[in-house]
Amino acid sequence: MTMVNLCICLIFSYAYHNSLQEYDWFVKADDDTYMILENLRHLLSAYSPSDPNYFGCELKPFVPNGYMAGGSGYVLSREALRRFVEDGLDGGRCREDHDGFEDVEAGKCLAEVGVLPVDSLDDLGRKRFFPSPPLAHIQGNRNDSEEWRDWWYKEYVKYPDGDLLDCCSDKAISFHYIGEMDMYMMEYLIYRLKPHGLGVVRPLAADTNL
């Protein structure tokens, strides 16, 4: 894990030194993470980048107030990034050996400098950031495979998934482990597929009885 954590430190330090005043929010995501940026902007519009905010898929262990899963991506406000670099990395309040798991150590460091996870559930209590593809979360406990039974996510996640289509917010933001062809599938289903007539209001005929 040494190289991974070193890279994350370098990335956040670079963003701090080159872009801190240019952007309000900073996103860390893997190259196999699919993000719906319109929904991310919608979530962030209710918050100030001047507050130490930290969003993602919230997990319970290792950090007293929780931390965000790395694979599904997490978002730092400008103030959170400032504290992370100035007070944490440069201030010597974060782990300095670059060992451990990237998301856990980032969560510990952020907590040390007063940046705590922010609840990003939607109005119906459904999550927006996901560490696996949509199907894994839709299937949930209906999946009887050994892989599902041993999946760490069920024990770690703060808020369990709902059943079937209630697993995920209509304003979901990210899914992890999306392969190359699945990226195209997500793009098609979200941005290209248009059910005919959906959302179109047509006037009823004068002799229509309801």
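Here are some notes on the fold, the cores, the aromatic rings and one surface patch.

1. Ground rules. This is a predicted model, with local features needing pLDDT of at least 70 and side-chain atom pairs counted only at pLDDT 80 or more, while totals for chains, interfaces and linings use all residues. Residues are numbered from 1 along each chain as its sequence is written, and side-chain values use heavy atoms, leaving out hydrogens and water.

2. Overall picture. The protein chain has eight helices and eight strands (DSSP runs numbered from the N terminus: H or I of at least four residues for helices, E of at least two for strands). Of its 210 residues, 41% are buried (under 20% relative accessible area; exposed is over 50%, partly exposed in between, with a 1.4 Å probe and protein chains only). Take contacts (heavy atoms within 4.5 Å) between residues at least 6 apart in sequence: 76% of them join residues at least 24 apart.

3. Main core. The largest nonpolar core holds 39 residues, and Tyr54, Phe55, Tyr74, Leu76, Leu81 and Phe129 have the most contacts inside it. A core here is a set of buried Ala, Val, Leu, Ile, Met, Phe, Trp, Tyr and Cys residues joined through side-chain atoms within 4.5 Å. Elements giving it two or more residues include helix 1 (2–19), strand 6 (74–77) and helix 3 (78–89). Apart from it sits another core of nine residues, Ile36, Ala172, Phe175 and Ile178 among them.

4. Tyr74. This one is worth a look: beyond its neighbours within four places in sequence, its contacts include Ile8, Phe12, Tyr54, Phe55, Met68 and Ala106. Tyr74 is buried, at 1% relative accessible area.

5. Rings. The whole structure gives nine aromatic pairs (Phe, Tyr and Trp rings, the six-membered one for Trp, with centres within 6.5 Å; planes under 30 degrees apart are stacked, over 60 edge-to-face, the rest tilted). Tyr54 and Tyr74 pair edge-to-face, 5.9 Å centre to centre with 85 degrees between the planes. That pair links strand 3 to strand 6, with the two tyrosines 20 residues apart. Tyr54 is buried too, at 0% relative accessible area. Ring pairs also link Phe12, Tyr54, Tyr74 and Phe84 into a cluster.

6. Surface patch. Met185, Tyr188, Leu189, Ile190 and Leu193 form a nonpolar surface patch with about 450 Å² of accessible area together (Shrake-Rupley, 1.4 Å probe, only the protein chains shown as cover for residues). Patch members have over 30% relative accessible area and no salt bridge (a Lys or Arg side-chain nitrogen within 4 Å of an Asp or Glu carboxyl oxygen); like charges are joined within 9 Å, and nonpolar side chains (Val, Leu, Ile, Met, Phe, Trp, Tyr) within 5 Å. Leu193 falls in the segment after helix 8 (180–192) and is partly exposed at 40%.
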